[in-house]
Amino acid sequence: MIYDERIKNLNHKKINNGDYVLYWMQASQRSEYNHALEYSIEYSNKLKLPLIVLFIIMEDFPKANFRHFRFMLEGIEDVMNQLKSRKIKMVIRKGEALPIVNELSKNASILITDFGYLKHEIIMKSNIAQQLNCSMLSVESNVIIPVEVTSNKEEYGAYTIRPKINKIIDKYLIELNSRLVMQSSIDYPIKSEDISDLNSFIDSLKIDKSINESIYKGGSVEAEKYLKDFIENKAQYYSELKNHPGMNYSSNLSPYLHFGQISPLYIALKIIKSDIKSKKDFLEELITRRELAINYIYYNKNYDSDIEKILPSWAYDSLISHQNDLKDYLYSLEELENAKTHDEFWNKAQKEMVITGKMHGYMRMYWGKKIIEWSLTINDAFSKALYLNDRYSIDGRDANGYAGIAWCYGKHDRPWKEREIFGKIRYMNDKGLIKKFNMEKYLDLKL
């Protein structure tokens, strides 16, 4: 079932007498457990029209580079093949969104799209909707509970959003069955980019190619492999070992969730149906913490720009009051980017992100805290952390990334004992890492 609260009417215009139903796929880059896709199929069946799925490659997409485009397009290959098996044509175009959507929507009865939470995504789709001559709807599918249903405001922390989620979560933890496609669109005559030679196609893109691809391959097929491996081999020990940097007990699903290549609802239902003992802790991360991060960037548009406007007053005031404290080390962005600090644990974490495209979750907290300690001002530290994470992490430019960095400054946390530089925000140091974990094992990891 697709609840009405997942659906937004973006322009309140009429449904036209068109030739097809158009689904503009962007945030939910998958063919399974995609509410926007299934809703589009329902509409095409109701109108007795073929369904066309449009995907636009925007070469100037904010902060995206070769690493991100490669991962994304590997996923689009999967989507194309899977849609073809369901008798649905996928049209790939590259360029600016407005003229492309405008062109294809002229012959469409209705335009349906999926829902993104970053401010530039919301603004772009809102602007496009107003310029179209047909109805445009968005369908929310990358959270388990629609963001505005969970809360109508920015939540203070996990302890305030958790009871709101728990109160209604059972309603939304339901299977999403694939709809039967009544009319094939495979042979519908619309031109599309040819990505069959993916290497050549990516070479043709006018994008930042200064960063190599990551070690992770994109796509729902790969995501399914990671989920299967996690449930069978890691999940039983997730609670005890997830924070150990030298032991890989994370699910590695965050890059796939970022690009919408796997559904959080699908993951949650798989975990719930399994017999693993770490269900509660994993679901806390997947649902409560992830949807808290999305709540944060949806309701606070300063998430990547103004640290004063994202922090609780106790955290910001405390950091500012200690901003001129004496610091033993100050590192430039270039030194940080090239892992040229005195701290071997930090350097390893930075190299892990640069080389692999992902950083261990616990080390990302340590990594962010140390940038505060090694920067002249908190604004300088904040901009450095955002730049590095967005540039190198496959799951950068994302709600979890922005919330994770903000957490390092006291967001979604509580006051601690006051100390130099950090004030009342939580402090982390290398001695704590050594005490808790086998850090030699982390340093020995091959990247």
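User: How many of the 15 residues of α17 are buried?
Analyst: This is a predicted model. Buried here means under 20% relative accessible area. Helix α17 is largely enclosed by the rest of the structure, because the buried count is 11 of the 15 residues.

User: What distance does α17 reach from its first C-alpha to its last?
Analyst: Helix α17 covers residues 378–392, which is 15 residues. The expectation at 1.5 Å a residue is 21 Å. The model comes close to that, with a reach of 21 Å.

User: Is Ala315 buried or exposed?
Analyst: Ala315 sits in helix α13. Its relative accessibility is 0%. The cut-off for buried is under 20%, so Ala315 counts as buried.

User: Which residues does Ala315 touch, not counting residues up to four places away in sequence?
Analyst: Trp416 is 101 residues from Ala315 along the chain, and their C-alpha atoms are separated by 9.8 Å. A contact needs heavy atoms within 4.5 Å. The residues Ala315 touches are Tyr409, Gly410 and Ile425.

User: How far apart do the end C-alpha atoms of residues 19–147 lie?
Analyst: UniProt, in an unreviewed entry, lists this span as "domain: Photolyase/cryptochrome alpha/beta". The span is 43% helix and 24% strand. Its end C-alpha atoms are apart by 33 Å.

Note on methods:
Residues are numbered from 1 along each chain as its sequence is written. This is a predicted model: local features need pLDDT of at least 70, side-chain atom pairs count only at pLDDT 80 or more; totals for chains, interfaces and linings use all residues. Side-chain values use heavy atoms; hydrogens and water are left out. Helices (H or I, at least four residues) and strands (E, at least two) are DSSP runs, numbered from the N terminus. The expected span of a helix is 1.5 Å times one less than its number of residues. Buried means under 20% relative accessible area, exposed over 50%, partly exposed in between (1.4 Å probe, protein chains only). UniProt positions are given in the numbering used here, feature names are shortened, and annotations may be inferred rather than shown by experiment.
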